[in-house]
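Please read the points below beside the sequence and the model.

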Amino acid sequence: MKIEAKGVYYKELNEKVREAVKGGEKDIVLDNVNGQYFIGDGIKGKGVSITINGVPGNDMAAFMDGPTIRVNSNAQDNICNTMNSGKVIVEGNAGDVLGYGMRGGRLFVRGNVGYRIGIHMKGHGKLSPVIISGGKAGDFFGEYMAGGVLILLGLNAKNGEAIVGDYLGTGMHGGVIYIRGEVDPENVGKEVGILDPDEKDMKQLRGYLEEYCKDLDLDIEDVMSKPFKKLLPVSARPYGNLYAY
Amino acid sequence: MFKSQALTEYIAKIDTNKCIRCKRCIQNCGWGVYSWGGDKVNIDTNKCVKCLRCYHYCPVEAIDIVDNPTFYKRNHNWSFQHIKNIKKQAETGGIPLTGMGCDLDYPVLFDNLLLDACQVTNPSIDPLREPMELRTFLGKKPSRLDIKRDKKGKLKLKTKMTPQIELRSPFMFSPMSFGSISLNAQKVLAMAAKECGIVMNTGEGGLHEDLYPYKTNVMVQVASGRFGVNPEYLNAGVAVEIKIGQGAKPGIGGHLPGEKIPLQVAKTRMIPIGTDALSPAPQHDIYSIEDLRQLIYALKEATEYKKPISVKIATVHNVAAIASGIARAGADIIYLDGFRGGTGAAPTVIRDHMGIPIEHAVAAVDDRLREEGIRNEASIVAAGGIRSAGDAAKAIALGADACAIGTTALMTMGCTVCGKCYTGNCSWGITTQRPELTARLDPEVYGQRLMNLIRAWNHELMEILGALGVNSIESLRGSRERLRGVGLDSATLDMLGVKPAGR
Amino acid sequence: MNHDYQKDIAGCGLTGLISKKKNRLDGSHIKKSLSLMNDRGNGLGAGYAAYGIYPELPEHYAFHVMYDYSSSRMEAEELLKANYEIEKIEEMPTAPVKEITVSPLLMRYFVKPKKDKVRADLSEEDFVVKTIMQINSEVEGAYIFSSGKNMGAFKGVGNPAEIADFFKLEEYEGFTWTGHTRFPTNTPGWWGGAHPFTLLDWSIVHNGEISSYGINKRYLEMFGYKLTLLTDTEVVAYLFDLLLRKHGLDIETACSALAAPFWKDIDKMDEGDREVYTAIRMAYGSALLNGPFSLLFGHKNGLVGINDRIKLRPLVAATKDDMVYMASEESAIREICAEPEHVWSPKAGEPVIVEFDK
């Protein structure tokens with residue numbers, strides 16, 4: 001089902017999307033999207049697929065639970081905000097504060113991501129959100145991270161160029177971050193340890209990346225051709241001694 | 001011989017059932033309250049000052065120090081202190097002395113000011129996980145910079161910068177001289193200052209050779225007594241301070257009793273052992289503002305313009321005009337000591353009735369320097385009544401560049417503000433030169449405690465900045481927009497440049 | 001000392017475009033771009049700045065003035081006539097817009113200071129600034145909201161399209177345009193409260209709240225600026241004026257005072273840079289803009305975009321041929337440039353400086 005979005009205000013557009021989903025529509029294409037906020041917010045349903053042509057506005061896929069959204073362009077800020085499950089694939093770059101408090105599902109970005117990615121991502125038992133960016137990221141990557149997996153590939157980085165900003169994993173107290181290439185310890189939050197992934201890690205990592213490569217038509221061996229660093233929180237309570245009782 | 005009619009203030013009690021006769025109280029008390037009576041500890045409660053040293057060192061908690069229940073008849077007009085001082089004066093004809101800062105119930109404006117915090121329209125910042133900057137420079141700043149780019153596009157600074165004191169956070173320790181406090185107490189200050197990247201201040205007693213290793217974190221003082229001042233001393237620290245006055249005793253000089261002048265103090269000060277060390281009331285080379293300029297520049301010459309010069313004054317009524325004059329006389333730092341500031345010894349009548357609070361002084365001085373367009377000419381240090389990081393944040397918001405703490409620092413060494421510093425009997429080993437008392441103040445142990453305090457205050461300051469949504473101390477400095485007054489009259493609010501809460 | 005003011009707080013969206021070859025575009029583009037971000041404002045304030053719009057009188061200061069009362073106009077004009085050669089006085093052209101029911105009287109003056117007013121110690125520009133400060137703070141109901149040469153600000157209470165239509169922006173052609181939609185949380189009824197804020201050729205549109213407003217304001221007051229508008233944006237305009245015009249810093253250096261590098265990063269610099277940036281932070285600490293912001297700064301030689309040093313407000317930039325675009329959201333750019341060549345998000349505190357081709 002195609003929905004023309006040109007000049008349509010977000011309320012109307014999202015109403016149409018919700019109606020289509022409720023009506024059992026499994027394959028929805030939004031054409032000429034430009035800047036409409038809140039697309040796919042709170043919608044439910046496994047097997048529902050939404051394709052977006054154009055740049056969707058802020059807060060896309062917030063609280064989303066199940067569907068898959070493919071954006072054939074760049075995406076703006078705050079997407080996958082507190083998302084519960086489902087998948088978002090972005091063919092271009094995406095903005096700041098992606099996957100804030102994300103609880104499950106996948107966010108795959110082909111290109112760069114902005115500042116504060118995966119803030120306070122959650123994870124418990126089998127519920128484990130995954131964010132993968134093929135490009136570079138800004139400061140505060142994985143800030144307050146409590147669970148899930150963040151992977152940064154830097155496939156577009158020039159030789160020697162840093163692929164991640166400062167304050168990496170600051171406040172991290174759960175989950176795991178994988179960075180393809182070297183990590184400068186000076187840019188890493190004090191509560192984070194930098195490790196070399198072991199065999200089990202690499203198997204898990206390959207699993208996530210195979211899915212990513214399939215979705216974005218990339219060669220998994222290319223992606224795996226460089227060593228990764230693994231970042232883990234080194235203390236569950238890094239600030240315990242800051243307080244007096 | 002009549003018994004003194006000045007009532008004993010405290011009653012020291014020992015529960016003889018609990019007491020194990022270990023005699024620790026006898027060893028610990030510097031006042032001679034306790035003595036051994038053969039089978040139990042005898043108590044001369046008249047000597048007790050409630051410093052609580054014995055209480056802390058009694059292993060079985062057998063000691064209790066209580067206020068004397070035989071109080072003078074309660075009277076709102078005639079307080080205990082009024083009556084006691086009259087009795088004392090009648091008996092001696094003397095001026096009652098006191099130590100520490102004014103303890104009367106004057107309004108504390110810090111307690112009538114509240115800080116802002118962010119909600120919705122701007123975000124607060126997490127100080128633990130995001131950058132938060134407290135670095136502070138004290139000294140004259142140029143009002144504008146001349147910066148040019150060279151052919152390669154690299155920036156070149158054409159403006160000549162004047163020397164600064166760099167502080168890791170906007171705190172420093174107030175001047176407390178060797179003599180008024182023990183060498184060990186000075187070592188505590190020096191060690192903590194070095195570890196915390198801030199500075200201690202020698203006070204006017206010179207710099208003992210043991211403190212030279214800490215000189216990158218020491219500010220040396222030149223006061224009217226000129227104790228221990230030589231070219232090496234002037235160039236030893238990071239800055240030189242001219243002491244004009246002290247908040248607790250504006251307008252009067254210093255008087256270090258002979259009991260506190262043993263050999264080491266006498267040597268550092270170059271005066272006879274056991275004589276009273278007298279600091280004249282004024283600096284006798286400064287009878288007017290142009291004379292201050294002369295001394296400032298004499299010191300600048302002697303230190304080859306490598307050290308910022310600070311001028312410390314007690315905050316008196318006309319503080320704004322005085323501070324303006326000090327800035328124009330060439331001082332790099334103006335150290336304001338509020339009337340609640342501490343002292344080792346001061347006449348009670350002076351301490352309790354002279355000067356103005358630091359809150360008013362900072363506001364007035366900051367305003368005046370801004371009105372005259374010379375706020376950049378000198379940094380402002382606020383001292384005299386900073387009790388917490390909250391007070392410090394408020395002082396900074398009113399316009400201070402940094403805050404100095406004295407009493408607060410001594411408290412980390414055990415001080416309980418008993419106010420008897422002038423006797424030289426301090427049981428905590430702080431304001432005494434008696435070797436058996438000073439030996440108990442281990443600089444390593446207490447240096448760590450003082451470091452802890454500064455570390456905790458730094459964190460508190462960062463929490464405050466974070467809640468205010470700024471990540472650098474200079475964005476709070478002078479930002480009175482982030483303060484509101486509660487229960488203050490409009491004249492006071494106007495004077496402080498602060499709006500009432502709710503507006 | 002006036003401290004009893006109510007500070008104005010507003011959220012917003014901004015957009016800007018510039019032709020490096022100085023090709024002139026009419027106001028419909030910026031209107032279209034800004035209108036896309038209506039949801040970043042609440043319809044209670046919008047405005048635009050345009051450069052190159054008065055080619056027929058390029059050397060005259062173009063004063064755009066709002067008057068609440070006819071007496072304000074009389075008083076202000078008396079002052080202007082006494083001090084300026086006035087080339088032209090006219091009502092600003094406006095078109096009726098249904099949603100805009102009330103507006104102040106809007107006048108436009110093309111002026112030059114009288115020769116004898118400019119002295120060695122008071123440059124022409126200083127004299128103009130003095131006039132603006134005087135009228136805005138002393139003449140009740142009068143407000144000069146634009147004062148540059150060959151440029152102008154257009155702003156008021158309404159949404160982006162309403163304000164653009166009201167001022168007939170499609171009839172102006174400029175090589176730089178900025179626009180701003182506003183979400184005021186108090187004093188929403190005043191036309192002067194909308195962005196951009198301008199002084200001489202400087203214009204600022206700004207998103208976010210400057211948490212350091214209190215000290216920035218007091219710092220500027222020390223240099224004789226009168227802050228009458230109680231918004232943080234006014235502070236930004238005057239800070240640029242101080243650092244660029246009065247202190248002679250270049251734009252990049254001025255930006256490094258307003259969004260200063262962190263000490264942690266300064267400590268890692270080589271000795272020369274460390275000396276410069278330490279001095280900047282020491283001397284201009286009170287000019288540091290702290291808190292969330294992104295802003296566009298227009299001037300006669302180009303356009304600058306910058307955001308705060310931990311990037312709490314968004315800014316996207318894009319290029320296409322000789323055009324450079326900057327906006328709060330990428331979609332606002334794509335609305336008027338569907339296929340940009342290069343789209344990027346500037347790093348925290350790192351200015352995007354665009355100058356005209358030589």
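1. Chain B is assigned two domains, domain 1 (10-94) and domain 2 (147-500); such bounds come from an automatic or database domain assignment. The C-alpha centres of domain 1 of chain B and domain 2 of chain B are 34 Å apart. Ten residues from domain 1 of chain B and eleven residues from domain 2 of chain B form the contact, where two residues are in contact if their C-beta atoms, placed from the backbone, lie within 7 Å. On the side of domain 1 of chain B that touches domain 2 of chain B, five residues are nonpolar, three polar and two charged (nonpolar: Ala, Val, Leu, Ile, Met, Phe, Trp, Tyr, Cys and Pro; charged: Asp, Glu, Lys and Arg; polar: the others, Gly among them).

2. The model is predicted: local features need pLDDT of at least 70, side-chain atom pairs count only at pLDDT 80 or more, and totals for chains, interfaces and linings use all residues. Residues are numbered from 1 along each chain as its sequence is written, while chains are lettered from A and ligands numbered from 1 in the order in which they are written.

3. Chain A contains three helices and eleven strands (DSSP runs numbered from the N terminus, helices being H or I of at least four residues and strands E of at least two). Their order from the N terminus is β-α-β-β-β-β-β-β-β-β-β-α-α-β.

4. Between chain C and chain A, 14 residues of chain C are in contact with 14 residues of chain A. Helix 10 (residues 330-334) of chain C supplies the largest share of the chain C side, four residues.
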